[in-house]
Amino acid sequence: MEVPSTTREWENIQRSFDVKWNFPSCCGALDGKHVAIKRPPGSSSEFFNYKGGYSIILLALVDADYSFLYIDVGSNGRANDSSVYRLSSLKRAMDSNQLNWPNDYVIVADDAFPLSINVMKPYSKRNLTLEERLFNYRLSRARRVVENAFGILASRFRIFEKSIDLNLPTVDLIVQCTCILHNWFRTTSSTTYLEKGSVDFEDTETGVIHPGRWRSTPTSLPSLTVDRSTNPSSKSASDKRDKLATYFIGPGSVPWQKQSIGFE
């Protein structure tokens, strides 16, 4: 799997997020999931997760069309989203400006990740203003692509139906291969692999979200835990989120957004 290497490729991804999910400057949606494994021989509690089983973690950045742009596989199941991201090659490449990102890019993530100048997460305080509620809705709408990518992956590949009983390097390789095959099927067999109704669909006239069929399958990849000790965000990161929130309620608003949050 090759991460986009040119600014033009990232700009195309940004345009797709803007057109399909109404989130400008977005280069991807980020999330992490547990992949269940049998207890590795000789391990103690490092792979033991909050669900009471053993797992490795799959961290992924997904584009606007449910394809994986970047994956990090193999962190132990005790970790949380923010710590896996903090130690990932993705963050190192972002910090050192090695990926040719466009200017002022962002990626969207859930509350488990730390807010930064290039990682946007929801407002999490109580008594949200209308502007903050609309931002959370718009971010959640864009971030739904990564939830659906994980859901389709788990429902299509039966290896995820039970704990994988293989050595860790082999497990890592299998998970990597399923992500590559997912992308390949998305490109070559999109109408059969990702058929109508298989992913979440939002009726923009009513604001109703119709869940994709993958949500009704017994197989799913559990979410990671939130790191409550995450360092507070910088003022520049908070200001950037506020600027986007102001844009979403002003010139970047969409007709159905207030109805979708129950305001109208």
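Analyst: Let's begin with a term: the expected span of a helix is 1.5 Å times one less than its number of residues. Helices are DSSP runs of H or I with at least four residues, strands are runs of E with at least two, and both are numbered from the N terminus. Keep in mind that this is a predicted model, where local features need pLDDT of at least 70 and side-chain atom pairs count only at pLDDT 80 or more, while totals for chains, interfaces and linings use all residues. Residues are numbered from 1 along each chain as its sequence is written, and side-chain values use heavy atoms, with hydrogens and water left out.

User: How far does helix H5 reach from its first C-alpha to its last?

Analyst: H5 covers residues 168-188, which is 21 residues, and it reaches 30 Å, close to the 30 Å expected.

User: Which residues of H5 are buried?

Analyst: Here's the general idea first. An α-helix has 3.6 residues a turn, so residues three or four places apart point the same way. Buried means under 20% relative accessible area, exposed means over 50%, and partly exposed is in between (1.4 Å probe, protein chains only). In H5 the buried ones are Val171, Asp172, Val175, Thr178, Cys179, His182, Asn183 and Arg186. They cover an arc of only 130° around the axis, so they sit on the same side of H5; the arc is that of the directions from the helix axis to the C-beta atoms. On the face turned away from that buried side, H5 carries the exposed residues Pro169 and Thr187.

User: What do the buried residues of H5 pack against?

Analyst: Contact means heavy atoms within 4.5 Å. The partners are strand S1 (26-37), strand S2 (54-62), strand S3 (68-76), H4 and helix H6 (190-193).

User: At what angle do the axes of H4 and H5 cross?

Analyst: Two packed helices are described by the angle between their axes and the distance between the axes. Axes are lines fitted to C-alpha atoms, for helices over the stretch in contact, and angles run from 0 to 180 degrees between N-to-C directions. For H4 and H5, the axes come within 10 Å and cross at roughly 105°. That makes H4 roughly perpendicular to H5; angles of 65 to 115 degrees count that way, under 35 as roughly parallel, over 145 as roughly antiparallel, and the rest as oblique. Ala149, Ile152 and Leu153 of H4 meet Thr178, Cys179 and His182 of H5. By class, this contact has four nonpolar, two polar and no charged residues. Ala, Val, Leu, Ile, Met, Phe, Trp, Tyr, Cys and Pro count as nonpolar, Asp, Glu, Lys and Arg as charged, and the others, Gly among them, as polar.

User: And how far apart are the axes of H4 and H7?

Analyst: H4 (residues 130-156) and H7 (residues 235-249) have their axes 9 Å apart and pack at about 95°, so H4 is roughly perpendicular to H7. On the H4 side you'll find Leu130, Glu131, Leu134, Phe135 and Arg138, and on the H7 side Arg241, Asp242, Leu244, Ala245, Thr246, Phe248 and Ile249. This contact of H4 with H7 counts seven nonpolar, one polar and four charged residues.

User: Which residues of H7 are buried?

Analyst: They're Ala237, Lys240, Arg241, Leu244, Ala245 and Phe248. Their arc is only 140°, which puts them on the same side of H7. Lys235 and Lys243 are exposed on the other side of H7. The cover over the buried residues of H7 includes S4, strand S5 (119-120), H4 and helix H8 (257-260).

User: Last one: how many residues apart in sequence are Ala29 and Arg39?

Analyst: Ten, and they're 30 Å apart in space, C-alpha to C-alpha. Ala29 lies in strand S1 and is buried at 0% relative accessibility.
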